[in-house]
Amino acid sequence: MISVPKKIPMRQCVACKEKKEKTRLARVVRTPDGRVLYDAGGKLSGRGAYVCHNINCLEKAVKSRALSRALECEVPDEAFEQLRSQFEAQEEKNG
Ligand SMILES: [Zn+2]
C-alpha cells in the first residue's frame, strides 16, 4: 500500500531560493498600514514573503533587496533590527 502523502504547501525563501515546507519558513508581512513585521503565527494579513529561520537568510534577503521586492516596499532599518532580534530569539528557542 502506498499512502498518499499529506499535502504540505511549499514556499520559497526569498534569499536562498530554497523551497521548504511553509511551516519551516519565517513569514514576513507588510501590513495594510505599511509596517514590516515578523509574522510568528502566520496569521497577519497583508503581503507576505518567506525567509528561512536564520539570520543569514534574513540579512541576505534585506541586503540584496529581495525582501523589498517581494513585499513591494522598503524595509526600514528599524524593521530589519526588529526582525533580526525576533529571529535570534527564535533560534535560541530552537537550540
Ligand atoms: Zn533561505
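Cys 57 is buried in this predicted model, because its relative accessibility is 9% and the limit for that class is under 20%. Cys 57 is also one of the protein donors of the zinc ion, through its SG atom.

**Zinc site**
- The zinc ion takes its protein donors from the SG atoms of Cys 13, Cys 16, Cys 52 and Cys 57, lying 2.3 Å from the ion.
- Angles between the four donor atoms run from 105 to 115 degrees, so the arrangement is tetrahedral.
- For reference, the ideal angle for four tetrahedral donors is 109.5 degrees.
- Along the sequence, the donor residues follow the spacing C-x2-C-x35-C-x4-C.
- Cys 16 counts as partly exposed because its relative accessibility is 28%, whereas Cys 57, at 9%, counts as buried.

**Aromatic pair**
- How many aromatic pairs does a search of the whole structure find? The search returns one.
- That pair is Tyr 38 with Phe 87, and its geometry is tilted, with 5.4 Å centre to centre and 55 degrees between the planes.
- Tyr 38 lies in strand E4 (residues 36–39) and Phe 87 in helix H3 (residues 77–94), so the pair links distant parts of the chain, 49 residues apart.
- Tyr 38 and Phe 87 are both buried.

**Charge over a ring**
- Arg 84 lies over the face of Phe 80, 5.1 Å from the ring centre.

Conventions. Residues numbered from 1 in each chain as written. Predicted model: local features only at pLDDT ≥ 70, side-chain atom pairs only at ≥ 80, totals over all residues. Heavy atoms only, no water. Donors = N, O, S within 2.8 Å, 3.2 Å for Na, K, Ca; no water. Tetrahedral: all angles 85-135°; square planar, octahedral: opposite > 155°, others 65-115°. Buried < 20%, exposed > 50% of the residue type's maximum accessible area, 1.4 Å probe, protein only. Phe/Tyr/Trp six-rings, centres within 6.5 Å; stacked < 30°, edge-to-face > 60°. Helix = DSSP H or I, 4+ residues; strand = E, 2+ residues; numbered from the N terminus. Lys NZ or Arg CZ within 6 Å of the ring centre and 35° of its normal.
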